[in-house]
Amino acid sequence: MAGAFSLREVLAAFQACVTERREVLLGPYLSGWRGLIRFLHTLGAIFSFISKDAVAKVQLMEDYCRGEQREQYVSLQAMVRYELAQGLLDAPGRPDSGCRTVLRLHRALRWLQLFLEGLRTARQDSRTSTICTDSYNASLAAYHPWVIRKAATVAFRTLPPRDAFLQIMNVGTAEEAVAMLGEALPYIGDVYDITQQLFAQHELLDLP
Ligand SMILES: CCCCCCCC/C=C\CCCCCCCC(=O)N[C@@H](COP(=O)(O)O)[C@H](O)/C=C/CCCCCCCCCCCCC
C-alpha cells in the first residue's frame, strides 16, 4: 500500500484481517494502520507527535513480523500465546512487547471506530473537531496524561469541516465517503471485538 491515502485500501486491509477461525492476522492489521497513518500525514505538522508514536508502534510490530520469531507473530492469537508462554509480559519495564504495543493500537482503534461512526451519522454542518474530541474523550483520553490530552485537543481544532474532511478521504463525494464508512465500520468493529475478547480472556487489558 504505497502512495496516497485510500480509504478503500484501509477497508480492504481490515477486512482481510479476520480469518475463518476468527483469528486476527497481524500483516493486514498493520497495513490498515499504515494506511491510516498516511492519512494523518496529510493533516499537517500539528499531528506529527501523534503520527510519530503510531509509526513507532507499527514499526516495532513490523519488526517482530519479519524477525526470527516471525511465525509467532502471524496472528494476535499466536502472539499472545507466545509472549505469555515465554514470560515476556511478566518482566517489568518491557515497553517493547508485542502485546502491550498492540494494546495501545487497539485502544486507538476504539477511538477510530467512534470517530468514523460519528462522522458517518453527523449532520452535514457538524464540526469534525467536535466529533473527534468527543470520540477521543470517550476512549483513548482515559489512558493519556493531561499534557497529551491538551496537545491532542489543540490539534483536533485544526481539522477541516465534516464535508471537506469526507472529501479528502479520496473516495469521491461526501455521500460516497459516508457509504464507504458504512461498509468499513463492521470490519473495524469485528477486529476490535475479537481483540478485546482475546486480551480480556488473558487479563492483558491493563498491560503497563
Ligand atoms: C478513515 C480515515 C479517516 C480517519 C483517519 C484517522 C487517522 C488516524 C491515524 C492514526 C491514529 C493515531 C493513533 C495513535 C496511537 C496512539 C497510541 C497511544 O495511545 N500512545 C500513547 C501511549 O503509549 P506508551 O507511552 O504507553 O507507549 C502515547 O503516549 C501517545 C502519544 C501521542 C498522542 C496520541 C493521541 C492520539 C489521538 C488519536 C487521534 C488521532 C487524530 C486524527 C485526526 C483525524
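Predicted model: local features only at pLDDT ≥ 70, side-chain atom pairs only at ≥ 80, totals over all residues.
Is V10 buried or exposed? At 2% relative accessibility, V10 is buried.

**Figure 1**
The protein has 9 helices and 0 strands. From the N terminus on, the order of elements reads α-α-α-α-α-α-α-α-α. The radius of gyration is 17 Å, close to the 17 Å that the globule rule gives for 208 residues, so the protein is as compact as a globular protein of that length. Along its principal axes, the C-alpha trace spans about 50 × 40 × 30 Å. Of the 208 residues, 47% are buried. Among contacts with a separation of 6 or more, 68% join residues 24 or more positions apart.

**Figure 1. The surface and the charges of the protein.**
The accessible surface comes to about 10,600 Å². Carbon and sulfur atoms hold 53% of that surface. The protein carries 22 positive and 22 negative side chains. The centres of these two sets lie 6 Å apart.

**Figure 2. V10 sits in helix α1.**
Helix α1 covers residues 7–17, and V10 is part of it. V10 has 2% relative accessibility; the cut-off for buried is under 20%, so V10 counts as buried. P28 is 18 residues away from V10 in sequence. In space, the C-alpha atoms of V10 and P28 are 9.1 Å apart.

**Figure 3. S75 is a buried loop residue.**
S75 lies in the loop between α3 and α4. Helix α4 spans 76–85. Relative accessibility at S75 is 2%, so S75 counts as buried. Which residues does S75 touch, not counting residues up to four places away in sequence? They are E23, V24, L25 and L26.

**Figure 4. K57 is a buried lysine in helix α3.**
Helix α3 runs over residues 48–66 and includes K57. K57 has 15% relative accessibility and therefore counts as buried. The side chain of K57 makes a polar contact with the side chain of D53, at 2.8 Å. Apart from residues up to four places away in sequence, K57 touches T101, R104 and L105.

C132 belongs to helix α6, residues 128–137. Its relative accessible area is 3%, so C132 is buried. Leaving aside neighbours within four places in sequence, C132 is in contact with W111, F115, F156 and L159. F115 is one of these contacts. C132 and F115 are 17 residues apart in sequence. Their C-alpha atoms are 5.7 Å apart in space.

**Figure 5. N170 has a positive phi in a loop.**
The loop between α8 and α9 holds N170. Helix α8 covers 162–167. What is the phi of N170? The angle is near 70°, a positive value in a residue other than glycine. N170 has a relative accessible area of 51%; the cut-off for exposed is over 50%, so N170 counts as exposed.

**Figure 6. E203 has a positive phi after α9.**
E203 is found in the segment after α9. Its phi is positive, about 55°, although E203 is not a glycine. With a relative accessible area of 72%, E203 is exposed.

**Figure 7. L205 lies in the segment after α9.**
Helix α9 spans 174–201, and L205 is in the segment after it. Is L205 buried, partly exposed or exposed? L205 has 23% relative accessibility, so it counts as partly exposed. L205 is in contact with L103, R107, Q196, F199 and A200, leaving aside neighbours within four places in sequence. H106 is 99 residues from L205 along the chain. The C-alpha atoms of L205 and H106 are separated by 9.8 Å.

Definitions and conventions: Residues numbered from 1 in each chain as written. Heavy atoms only, no water. Helix = DSSP H or I, 4+ residues; strand = E, 2+ residues; numbered from the N terminus. Rg over C-alpha atoms; globule rule 2.2 N^0.38 Å. Buried < 20%, exposed > 50% of the residue type's maximum accessible area, 1.4 Å probe, protein only. Contact = heavy atoms within 4.5 Å. Areas by Shrake-Rupley, 256 points an atom, 1.4 Å probe, with all protein chains shown as cover. Lys, Arg positive; Asp, Glu negative; His and termini not counted. Charge placed at Lys NZ, Arg CZ, Asp CG, Glu CD. Polar contact = N/O pair within 3.5 Å; in protein donor to acceptor, adjacent residues only side chain to side chain.
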